[in-house]
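Dear colleague,

I am passing on the structure we spoke about, and I would be glad if you could look through it alongside the notes below.

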Amino acid sequence: MLIEARNLTHRIADRQILDLPLLQVAAGDHHLLLGPSGSGKTTLINILAGLLTPTTGDVLIDGASMARISPTARDALRREKIGLVFQTLRLISSLTVRQNLALAQRLGPGPVHRELIDRLISQVGLAHRADARPRELSQGETQRAAIARALCTQPPILIADEPTSALDDVNAQAMVDLMLSAARTTGATLIIATHDRRIRGRFPQAIELKPTALAA
Amino acid sequence: MTLTGLTFAYLRDRALNTALNVLILSLAVATLVVLVLFSAQLGERFTRDAQGVDLVVGAKGSPLQLILSSVYHVDVPTGNIPLETVETLRADPTVAKAIPLALGDNFRSFRIVGTEPAYLDHYGAAVAQGRLWSGPGEAVMGAEVARRTGAGLGQQFVGSHGLGGDDGQGHDERPFVVVGVMAPTGSVLDRLILTSVESVWAVHGIAHAAEAAHEDHAGEAHDEHAGHAGEDAAHAHEEPAPANASQAAHAGEPEVTAVLVSYRSALAAVRLPAFINRQTALQAAVPAVETTRLLSLVGVGVDAARALAGLLMLTGGLSIFVALYTALRQREADMAMLRVMGAKPPRSSSR
């Protein structure tokens, strides 16, 4: 398994946010992560990416225990293997769309690949907005730019949190097509957390999270 | 896009903010530097101009005024003293040098000083162009005077009454002629026009005669300036004391404004000032003492200004700290994103 999580729980104060006994994702799989608001989807994504330490349990990425490796090694593992699209769409505010992608490649494991940057910008429909800064973009354009940035390092694992929430039907389908196509091309594993009914039919496998807000 | 590029992108994105912060800190640093330089240069200039002058002998009055007028040439003289004072001082075995100074006129605010070649030697000055004065009406200009007035060799100029600028009453009948220009010395000499003491007397003798002819219809009571040369009447309107050597021409008794004295032996420092101060018309002032007193007076202002500059710098620094802290808070999300993308902690955050 490329990703394996066991006995994951996460609590904030006396509130349990996540309770997931087992998660197994094979290399090249494409999964939807489903669940209503508050079911812990974003928490699980942060734990899988090594951005959050679970209260209990462990995550293995390609056999490496996230709980046992050092923070530096965890950063390196994330840099080399995981591409992330956040729900809050964090583009670097002072940089243009093209510069955001170039910076991601610069910080990533591979070389800077300008043609790939231009191609991705074009594929997400932002060729005319390549030199615009995030504050000059609409929310949908920002979301598409964030997806392009996650794809531009060609990560083995692509995790996206509500990537279609701000998109209209056409763009939502186009972005899912793009992520699936990119994942198939590179053999990447794709996990998309969503409660967007429009894209449910596009994924053969789904991980269902149930609300676990239990008082201790 | 490198991290250096990212840094400049941040700066460009808030160009006005960045420029204003840099401006605030620059102004604060510049103010402090200017004040430090000013106080250092002031002290250096005072020391340099008074170097080798152990004592100044002049008319009774404020000793500080005597030093300021005769050594630094920034104040009006306290009055004149008899010429024989110079000979008396030179006859003293404890005195190495006694250089007379005769003041009273200016050319475009640069003082005309009647003196002897020993005055140039004292400051190690040399004539860069032309020669020293050798006859009446010949003058040698300091380097700064020549530069700022544009006066060259052979050029004639007319001295004006007083020491603080052209009062419109010049000695048109006795113009000076420039026969030499001194090389820059970095001392007070650069800002002076030097001539012989006799030239100063001669100029004022003629000037007095000319003014006396106009005195009646000019309605100026000569009694008001009793004991002064005719040109002193003009001086008296702007100066608190009869303050130039032109009295010599008027009274027929040669006088000078001050004498710069260098000791031959340390014994003179004990004996000479007391001896001079016992004379009715004379006073002795020690440049080192008066300069220290002056610097302590000026020093209070400089210290206050320096404290103000320090406060300004602190304010500038604090302003920049606040700006940086605010920027840091605003960019926490950016830095978190940089970490997610793989930037190492020291490159993306100081925390």
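This is a predicted model: local features need pLDDT of at least 70, side-chain atom pairs count only at pLDDT 80 or more; totals for chains, interfaces and linings use all residues.

Helix α3 of chain A, residues 97–107, is mostly covered, with eight of its eleven residues buried; among them are V97(A), N100(A), L101(A) and Q105(A). The buried residues of this helix pack against α2, α4 and α5 of chain A, and also against α1 and α12 of chain B.

Over all chains, the count of salt bridges comes to 21. In one of them, R98(A) and D118(A) meet through their side chains at 3.3 Å, N to O; since R98(A) lies in helix α3 and D118(A) in helix α4 of chain A, the pair ties together parts that are 20 residues apart in sequence. D177(A) and R202(A) form a salt bridge at 2.2 Å, N to O, which links helix α6 of chain A to the loop between β8 and β9 of that chain. D177(A) is partly exposed at 36% relative accessibility, and R202(A) is partly exposed at 30%.

In chain B, R14(B) forms a salt bridge with D13(B), the closest N and O atoms being 3.8 Å apart, and shared partners join R133(A), R135(A), D13(B) and R14(B) into one network of salt bridges.

Finally, L25(B), V29(B), V33(B), L37(B) and M313(B) make a nonpolar surface patch of about 360 Å², to which helix α2 of chain B gives the largest share, four residues. L37(B), found in that helix, counts as partly exposed because its relative accessibility is 48%.

With kind regards

Definitions and conventions
Residues are numbered from 1 along each chain as its sequence is written. Chains are lettered from A and ligands numbered from 1 in the order in which they are written. Side-chain values use heavy atoms; hydrogens and water are left out. Patches are made of residues with over 30% relative accessible area and no salt bridge: like charges are joined within 9 Å, nonpolar side chains (Val, Leu, Ile, Met, Phe, Trp, Tyr) within 5 Å. Accessible areas come from the Shrake-Rupley method with a 1.4 Å probe; for residues, only the protein chains shown count as cover. A salt bridge is a side-chain nitrogen of Lys or Arg within 4 Å of a carboxyl oxygen of Asp or Glu. Helices (H or I, at least four residues) and strands (E, at least two) are DSSP runs, numbered from the N terminus. Buried means under 20% relative accessible area, exposed over 50%, partly exposed in between (1.4 Å probe, protein chains only). Contact means heavy atoms within 4.5 Å.
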